[in-house]
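Biologist: I have a model of several chains open in the viewer. Could you take me through how to read its features, one at a time?

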Amino acid sequence: MEADNTSVPMKILVGLLFLFLLAPVILVVPISFSGEQILSFPPESWSLRWYAALADNPKMISAFWTSLMLGAIVTFISLAVAIPAAYVIVRMRTYGSTFLYNLFTAPLLLPTIVLGLAILIVFASMGFLGTFTGLIIGHLVITLPYALRVLATTLGNLNLACEEAASTLGGRPLTVFRRVTLPMMAPGIVAATALCFLVSFDEVVITLFLTGPRLTTLPVELFHHVESRADPLVASVSVLLILLTLAVVMIVDRTVGLSKTFVK
Amino acid sequence: MIPAAAERPLENAMMHQTIRSGSPTLSDDRDVHLRLDGLTKRYGDSVAVAALDLAVPKGELVALLGPSGCGKTTTLRMVAGLITPTDGRIVVGGHDITVMPTYRRDMGLVFQSYALFPHMSVAKNVAFGLEMRSVPKPEIERRVKEALAMVRLEALAERKPRELSGGQQQRVALARALVIRPSILLLDEPLSNLDAKLRDEMRNEIRDIQQSLGITAVFVTHDQVEALSMCDKVVVMRGGKLEQVGTPVDVYEHPETPFVASFVGRTNRLEGVAEGDGRVTIGTMEVRVPGRPGGKVEIMVRPHRMRLVEAGAGEDAPTEGTNRLAGRLTRVTFIGDLLQYHVDVGGTEIVVEAASDHGRGFRKVGTPVAVLWRVEDTMVFGRSA
Amino acid sequence: MTALAAPTAPAMPRLALGRTGTAIALLLPIALINAIGFIVPVLNLARMSFNEALAGGGVREAFTLANWTGLFGDSFYVELILNSITVSLGITLATLVVSYPIALYLHRSSGRWRTFLTVLVISPLLTSAVVRTYGWIALLADQGPIVSGIAAMGLTPPRLMFNTTGVVIGLTEILMPYMILSLLAGFGRLDPRVEEAAMTLGAPPAKTFWRVILPLTLPGIALGCLLCFVLAVSSFITPKLLGGGRVFLLATEIYDQAIVTLNWPLAATLSMLVLIIFGAALTAYARVLRAID
């Protein structure tokens with residue numbers, strides 16, 4: 001169970017370091033209930049005014065819906081594209097699989113600032129700047145590698161014999177994929193869905209390069225807001241975002257179990 | 001052609017559809033259901049299966065027996081269509097199915113790991129093959145019940161595989177393969193993951209079911225007890241090649257090579273020089289063997305065909321037709337049903353087995369003893385080195 | 001912050017797929033997106049660094065080294081580059097120091113407690129960089145708890161916002177999960193029995209740590225440092241927000257040149273520089289790994 005052989009000073013040290021690790025995320029919660037006009041801690045008064053202010057902030061609300069829709073669409077496309085790709089890469093007979101896998105997960109190796117700039121320049125000449133389509137493609141570039149990684153690992157760990165058994169029982173390749181492979185991949189698919197959605201929803205750097213005056217996502221809107229002034233409004237948004245993330249994590253835990261997904 | 005069975009019109013229709021689209025009939029022996037002609041599988045420079053020829057009559061249970069890496073599983077998977085042969089042909093009921101895809105072959109395969117679909121219930125697992133053949137729902141239900149009853153698992157129809165024990169999963173796998181009434185049943189070491197007691201039970205059950213259905217079956221195993229006890233014919237394989245084909249008694253009593261002799265059953269081995277008249281000199285000793293071999297030979301005798309006596313006892317007066325070697329007792333091992341005597345005979349260790357008898361028969365290590373056996377129980381093989 | 005620990009290809013059992021045509025068709029969508037969104041843009045970016053920037057934000061197709069020479073000739077940029085590297089190294093070291101104890105403790109725990117702690121470590125990664133940085137703004141601001149707390153004790157509080165100090169503190173914490181996970185991955189070689197052996201041979205805890213534990217965990221340390229260094233050197237959100245426009249690092253400069261000044265060739269050149277620094281870090285890492293074994 002616990003690391004019983006750890007000394008007490010060590011336990012205290014680790015506890016303090018954990019506090020350091022989680023401090024900002026924890027602090028955001030009380031600040032969101034601040035009654036003050038400016039950001040201060042501890043606040044002189046408490047109130048729900050900053051949550052109410054959210055409801056009155058059309059920019060934030062529309063940015064939220066954009067992020068939500070974007071996340072949903074990007075997640076759906078990521079799965080539709082990555083599942084076949086993972087199947088080919090993992091089940092393919094030639095040895096190009098490793099190369100293709102590395103090529104398609106390579107975008108994760110690049111810093112988002114470089115990737116964002118690169119995409120900005122190309123999209124400018126293609127007319128994708130400030131468009132919803134451009135945002136979708138920009139997000140897909142980084143969600144696809146994540147989805148591919150999770151799905152390829154899941155597929156690689158499946159018992160091949162089950163697919164072979166289905167084949168000997170008369171199942172044609174497509175039927176086997178639909179009735180046996182996909183259902184067995186379910187935990188991986190759920191994990192990939194959650195991952196893609198959260199990555200897209202939280203994405204800010206690449207999105208900064210691709211948004212325009214009339215199109216913005218929630219993280220980008222928050223960024224501009226913090227850039228100009230730091231008030232507790234951001235805290236209330238942050239709390240809601242944290243709750244959203246927690247909800248997604250809970251759903252993953254309920255359906256497939258966290259230990260299986262994250263502790264690999 | 002394919003023998004018609006009036007009570008199974010649907011399956012025959014399916015089989016006609018699938019196999020008919022193969023190449024034309026190459027028939028000779030009506031009785032042969034499965035034939036392998038020069039079946040070969042090469043991976044780069046290494047050969048997994050080398051020009052295997054085999055003919056399996058209808059309704060027979062054939063064991064592919066051999067150590068790991070001998071090509072038995074590769075052969076089975078080629079018959080199932082999961083591996084494409086490099087060369088040779090696979091003929092079922094007169095039809096060449098060598099290049100036919102797996103899902104059209106009408107064979108049932110029981111995997112070593114059972115390979116049950118984890119997301120489906122036991123009943124749905126068994127129903128899968130029938131669904132693939134577009135069998136109408138009420139009939140599917142009836143036949144699934146039938147199949148589960150055959151393996152005595154009707155009560156667990158709605159459970160998921162992970163809730164079942166190893167033995168139960170194995171029976172579901174068997175039911176799933178048999179419910180489609182395949183022309184050939186293939187089993188890939190189905191008993192290796194079970195514990196000893198369960199293995200004995202399942203061996204008999206599988207054999208009984210196979211015989212009652214009259215279905216041709218090929219059974220892969222590395223366990224000679226399984227091969228000998230269950231099967232009509234044993235095919236001993238080594239290094240991708242066929243060493244010997246025969247009934248269990250044939251293979252056990254008349255092995256054609258030293259490998260078969262030592263793989264199927266325990267043996268003692270001695271090296272000597274044959275004089276050409278039935279005598280063989282082993283160092284300073286001499287024994288008699290059946291026939292009149294000449295040159296360098298290997299002698300093999302099974303431990304339970306030998307008898308151990310005290311060197312100086314009266315019963316050791318030599319009789320015609322009995323071989324006798326003198327030696328020293330080096331160890332006595334008690335394994336419950338047997339007593340194993342390890343004897344040093346001129347530098348070579350011989351093991352003599354005797355049935356245990358209430359703790360009697362323990363002799364002192366170091367005692368001078370004699371090993372006796374009948375001449376006719378001696379197996380002789382030529383030796384190159 | 002997209003790169004997690006270096007990915008390895010998963011185990012791949014093979015199954016006959018049939019025609020190559022099907023395979024190509026199934027790979028087409030991802031290949032297309034990869035080409036439009038990754039390969040073409042990155043190649044184009046490299047090409048852009050050799051283009052000529054026109055006054056007022058235009059770009060002329062050319063092949064000039066002016067951007068590169070201009071970079072190394074300008075003391076502002078030289079200082080920017082050196083600053084970025086040194087600050088990132090400092091952040092990496094700091095992150096290592098604060099992450100190591102947590103990783104060690106996590107490694108020694110097991111069962112539900114360990115799963116819980118691991119989820120706790122990973123959870124900050126699932127929130128947006130903006131949220132986490134904002135949390136630090138709240139902590140480090142003049143009206144925040146730290147500054148007020150120090151002032152309350154009667155000392156003159158240091159300025160923790162809009163300067164490099166704040167950026168270092170914030171970025172150190174933000175990178176901790178990456179370091180912890182890398183260390184944990186590298187801790188695989190650390191068998192508790194090795195520690196026990198050292199102790200039975202008479203080594204006091206401190207000596208056991210320096211002579212046994214630390215050397216065995218070097219691969220994990222190397223990996224974590226590589227990861228954190230590259231993330232720090234290319235970090236944008238935190239320096240931009242915590243620095244308030246007064247901290248100049250590579251990433252902030254790339255953004256300003258691209259969006260504000262519209263000098264794309266220069267921004268591209270700076271980006272290429274970031275990649276070059278990446279390459280250098282990777283080479284150093286490979287060398288360290290070879291030296292360890």
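This is a predicted model: local features need pLDDT of at least 70, side-chain atom pairs count only at pLDDT 80 or more; totals for chains, interfaces and linings use all residues.

Biologist: Where does T211(A) sit in chain A?

Modeller: T211(A) belongs to the loop that runs between α9 (205-210) and α10 (218-228) of chain A. The C-alpha atom of T211(A) is 10.0 Å from that of E221(A), a residue ten places away along the chain.

Biologist: Is T211(A) buried or exposed?

Modeller: The test is a count of neighbours, and a residue with 20 or more other C-beta atoms within 10 Å of its own is buried. T211(A) is buried because it has 24 other C-beta atoms within 10 Å.

Biologist: Now the backbone. Which residue has a positive phi although it is not a glycine?

Modeller: A115(B) is one, with a phi of about 50 degrees. Its place is the loop between β6 (107-110) and α3 (122-132) of chain B. A115(B) counts as buried because it has 25 C-beta neighbours inside 10 Å.
R181(B) also has a positive phi of about 50 degrees, and R181(B) is not a glycine. R181(B) lies in the loop between α5 (166-178) and β7 (184-188) of chain B. With 22 C-beta neighbours inside 10 Å, R181(B) counts as buried too.

Biologist: How do I read a sheet?

Modeller: Strands of a sheet pair through backbone hydrogen bonds, either parallel or antiparallel. Chain B has an open sheet of four strands in the order β2-β1-β4-β5, and the pairing is antiparallel. Its edge strands, β2 (46-57) and β5 (95-96) of chain B, each pair on one side only.

Biologist: How many bridges join β1 and β2 of chain B?

Modeller: Eight bridges join strand β1 (residues 32-43) of chain B to β2(B), in the antiparallel sense. To find one on the screen, look for V32(B), whose bridge partner in β2(B) is P57(B).

Biologist: What are the domains of chain B?

Modeller: Chain B is divided into domain 1 (9-106 + 183-260) and domain 2 (266-382). The C-alpha centres of domain 1 and domain 2 of chain B are 37 Å apart.

Biologist: And chain C as a whole?

Modeller: Begin with its elements and extent. Chain C has 13 helices and two strands. Along the principal axes, its C-alpha atoms fill a box of roughly 75 × 70 × 35 Å. Of the 293 residues in chain C, 44% are buried. Among the contacts in chain C between residues at least 6 apart in sequence, 72% join residues at least 24 apart.

Biologist: How can I check the length of a helix?

Modeller: Compare the span expected from the residue count with the distance between the end C-alpha atoms. Helix α10 (residues 218-233) of chain C has 16 residues and should therefore span 22 Å at 1.5 Å a residue; its end C-alpha atoms are 22 Å apart, which agrees. α10(C) is mostly covered, with 14 of its 16 residues buried.

Biologist: Last, the contacts between chains. Which chains share the most contacts?

Modeller: Of the two pairs of chains in contact, chains A and C share the most. This contact takes 76 residues from chain C and 85 residues from chain A. On the side of chain C that touches chain A, the elements giving two or more residues include α1 (20-48), α3 (75-108) and α13 (264-292) of chain C. The most comes from α1(C), with 16 residues. That side of chain C divides into 55 nonpolar, 17 polar and four charged residues.

Biologist: What is the distance between the nearest C-alpha atoms of chains B and C?

Modeller: They are 8 Å apart, and chain B and chain C do not touch.

Methods:
Residues are numbered from 1 along each chain as its sequence is written. Chains are lettered from A and ligands numbered from 1 in the order in which they are written. Two residues are in contact if their C-beta atoms, placed from the backbone, lie within 7 Å. Ala, Val, Leu, Ile, Met, Phe, Trp, Tyr, Cys and Pro count as nonpolar, Asp, Glu, Lys and Arg as charged, and the others, Gly among them, as polar. Domain bounds come from an automatic or database domain assignment. The expected span of a helix is 1.5 Å times one less than its number of residues. A residue is buried if 20 or more other C-beta atoms lie within 10 Å of its own, exposed if 12 or fewer, and partly exposed in between; C-beta atoms are placed from the backbone. Two strands pair if DSSP finds at least two bridges between them.
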